[in-house]
Amino acid sequence: MSKVYVFDHPLIQHKLTYIRDKETGTKEFRELVDEVAGLMAFEITRDLPLQDVTVETPVSTANAKKIAGKKLGLVPILRAGLGMTDGILRMIPAAKVGHVGLYRDPETLMPVEYYVKLPTDVEEREFIVIDPMLATGGSAIEAINSLKKRGAKQIKLMCLVAAPEGVAATQKEHPDVDIYLAALDEKLNDHGYIVPGLGDAGDRLFGTK
């Protein structure tokens, strides 16, 4: 079974409070999501392998460390996942960025893939699928399916806020995918919204309420 990591860093929790606040406007909301995503990038990359190198400082020679050639890929789920991507890229500028677009079928209510664009070397990369919300888990499960169908072997999922139902559903379908969260909330309500949550992340990011 995959692991679930909830980041309790004070800066993440402080900024998440303002992200939740319904009085936070679009500009500030967007900036805060960007900042929290960057802070989460520190934690999600904690296990990257390092290699020993030698560098010349202005004073002497130093034995130092570099990331050992790990190829990373970021895959935001359109559209809300875009709000977290730049924050992560500032921490990991060499990462390649793919995209997965999904829409909800009005009859079945299931997510349907309409757009996928990934780096060419899919099998060699570790991918981080990005979406602010993990509610029912439908979108995350389908996005991970899209990556696996194209040969991805190493995948992590990063979300700001999740409901227990979404975590359980994702773990059931993808027991090899670890989940990284800023908060694990109480439940889903009858409309499929996370409680207490933060509302509709896409609408709040892009001002389309």
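I began with the rings, and the structure holds three aromatic pairs. The model I am reading is a predicted one.

**Aromatic pairs**

I took Tyr5 and Tyr180 to start. Their ring centres are 4.8 Å apart and their planes stand at 15 degrees, so I logged the pair as stacked. Tyr5 sits in strand E1 (residues 4-6) and Tyr180 in strand E11 (residues 178-184), so this pair ties together parts that are 175 residues apart in sequence.

Are these two residues buried or exposed? Tyr180 is buried, at 5% relative accessible area, and the cut-off for buried is under 20%. Tyr5 has 31% relative accessibility and counts as partly exposed.

I then moved to Tyr103 and Tyr114. This aromatic pair is tilted, with 6.3 Å from centre to centre and 40 degrees between the planes. Tyr103 belongs to strand E6 (residues 99-104) and Tyr114 to strand E7 (residues 111-117), so the pair links parts that are eleven residues apart in sequence. Tyr103 is partly exposed, with a relative accessible area of 42%. Tyr114 is also partly exposed, at 48% relative accessibility.

I also noted a cluster. Tyr5, Phe7 and Tyr180 form one aromatic cluster.

Next I looked up the helices. Two packed helices are described by the angle between their axes and the distance between the axes. I noted both for each contact.

How do helix H1 (residues 10-20) and helix H2 (residues 26-44) cross? Their axes come within 9 Å and cross at roughly 155 degrees. The crossing of H1 past H2 is left-handed.

I listed the residues that meet. From H1 they are Leu11, Ile12, Lys15, Leu16, Tyr18 and Ile19. From H2 they are Phe29, Leu32, Val33, Glu35, Val36, Leu39 and Met40. Sorted by class, this contact has eleven nonpolar, no polar and two charged residues.

**H2 against H3**

H2 also packs with helix H3, at an angle of about 45 degrees, and the axes are 7 Å apart. H2 and H3 are therefore oblique to each other. H2 passes H3 in a right-handed crossing. On the H2 side I found Val33, Asp34, Ala37, Gly38, Ala41 and Phe42. On the H3 side I found Gly83, Met84, Asp86, Gly87, Ile88, Arg90 and Met91. The classes in this contact are seven nonpolar, three polar and three charged. Val33 of H2 is in the contact with H1 and in the contact with H3.

Which residues of H3 (residues 82-91) are buried? I found Gly83, Met84, Thr85, Gly87 and Ile88. What do they pack against? Helices H2 and H6 (201-206) are among their partners. I also wrote down strands E4 (72-78), E5 (96-97), E8 (126-130) and E10 (154-162).

**H4 against H5**

I turned to helix H4 (residues 138-149) and helix H5 (residues 164-173). Their axes come within 9 Å and cross at roughly 25 degrees. Angles under 35 degrees count as roughly parallel, so H4 and H5 went down as roughly parallel to each other. H4 passes H5 in a right-handed crossing. Ala140, Ile141 and Ile144 of H4 meet Ala169, Thr170 and Glu173 of H5. By class I have four nonpolar, one polar and one charged.

**Cis peptide bonds**

Most residues other than glycine have a negative phi, and most peptide bonds are trans. I looked up two cis bonds. The peptide bond from Leu78 to Arg79 is cis, with omega near 5 degrees. Arg79 is in the loop between E4 and H3. Val195 and Pro196 are joined by a cis peptide bond as well, with omega about 0 degrees. I placed Pro196 in the loop between strand E13 (194-195) and H6.

**Leu50**

I ended with one residue on its own. Leu50 is in strand E2 (residues 50-56). Leu50 counts as exposed, at 54% relative accessibility. What does Leu50 touch, leaving out residues up to four places away in sequence? I found Lys65, Lys66, Ile67 and Ala68. I also looked up Thr26, 24 residues from Leu50 along the chain. The C-alpha atoms of Leu50 and Thr26 are separated by 39 Å.

Terms used
Residues are numbered from 1 along each chain as its sequence is written. This is a predicted model: local features need pLDDT of at least 70, side-chain atom pairs count only at pLDDT 80 or more; totals for chains, interfaces and linings use all residues. Side-chain values use heavy atoms; hydrogens and water are left out. Helices (H or I, at least four residues) and strands (E, at least two) are DSSP runs, numbered from the N terminus. Buried means under 20% relative accessible area, exposed over 50%, partly exposed in between (1.4 Å probe, protein chains only). Contact means heavy atoms within 4.5 Å. Axes are lines fitted to C-alpha atoms, for helices over the stretch in contact, and angles run from 0 to 180 degrees between N-to-C directions. A crossing is left-handed if the near helix is turned anticlockwise from the far one by less than a right angle, and right-handed if clockwise. Ala, Val, Leu, Ile, Met, Phe, Trp, Tyr, Cys and Pro count as nonpolar, Asp, Glu, Lys and Arg as charged, and the others, Gly among them, as polar. Rings of Phe, Tyr and Trp (its six-membered ring) pair if their centres lie within 6.5 Å; planes under 30 degrees apart count as stacked, over 60 as edge-to-face and the rest as tilted. Angles under 35 degrees count as roughly parallel, over 145 as roughly antiparallel, 65 to 115 as roughly perpendicular and the rest as oblique.
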